[in-house]
Amino acid sequence: MKEIIVVSVLALLAACGGTTSDVSVGSTGSAVDATGDTITVDDFGDMPQECIDLLGSFLRKIEPKVSSVDWDKATLADFEAITKELEADSTSFDAETSAAGCNRYSLTGSDDRQFEQMAELAAAEAPGTVGFLQFLNSLAGSATDTGESIPSDCAGTIAAVEEFLARGGSMQDLTMAEVTGLGQLMTGVSDNCTAEESSAFFAREDLTTYLGT
């Protein structure tokens, strides 16, 4: 159980920014690329024990910090504050796992399945991290989530984005549900407007200021 949980964290961290070479997974569940730089595994248990132990230590270390946040109501600003608080832990973790060669490993499989395993196993090992993992998963999918309907015309879509701008503040003040909605609308502007209309809208100073771009 412990092995699966901590390797789930590796999958999450890799999904949040790691890159790997193109490799294929054979019948044994793992493979090495042509240069030997990347090892792909499709089962958490295929990870080396040293890597699992390092990940377990990291998961336990961050639990007290991430469990203090109500992630159902957390804003992007809350997330930014936590990432700064975790910076030293993350730097140490990266150095330790790189020294052990753990950064050579990449998990395959669907993102949904990997997250499902992460959430289940984190609940057993470090329950205080579950909300944080769910937040990260939502953050990764916010721009492409299509769960809510949006206007089908250019003017209506832009007007819906402008409702966010009218609130004042910035995108940092939004919850993940609101970020998801805004992401859908921004995609909708590209889909529903002409190239000229969308380019002009995305260049608006009030929008770029709100988004922090």
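Predicted model: local features only at pLDDT ≥ 70, side-chain atom pairs only at ≥ 80, totals over all residues.

Entry on the fold. I looked up the elements and found 10 helices and 3 strands. Reading along the sequence, I wrote down the pattern α-β-β-α-α-α-β-α-α-α-α-α-α.

Entry on contacts and burial. I took the contacts between residues at least 6 apart in sequence, and 73% of them join residues at least 24 apart. The protein has 213 residues, and 38% of them count as buried. For the accessible surface I noted about 11,200 Å², with 50% belonging to carbon and sulfur atoms.

A probe the size of a water molecule, rolled over the atoms, shows where empty space is left. How many cavities of 30 Å³ or more does the structure hold? I recorded 1. The volume of the largest cavity is about 50 Å³.

Entry on the lining. Which residues line the largest cavity? I listed L54, S57, F58 and K61, together with D89, S92, F93 and E96. Helix 2 (49-66) and helix 4 (87-99) are the elements that give two or more residues to this lining. Sorted by class, the lining of the largest cavity has 3 nonpolar, 2 polar and 3 charged residues.

Key
Residues numbered from 1 in each chain as written. Heavy atoms only, no water. 1 Å grid on protein atoms, 1.4 Å probe; cavity = no way out; pocket = protein on both sides within 12 Å on 5 of 7 lines; lining within 4 Å. Points joined across faces, edges and corners; volume = space filled by probe spheres on them. Helix = DSSP H or I, 4+ residues; strand = E, 2+ residues; numbered from the N terminus. Nonpolar A, V, L, I, M, F, W, Y, C, P; charged D, E, K, R; others polar. Buried < 20%, exposed > 50% of the residue type's maximum accessible area, 1.4 Å probe, protein only. Contact = heavy atoms within 4.5 Å. Areas by Shrake-Rupley, 256 points an atom, 1.4 Å probe, with all protein chains shown as cover.
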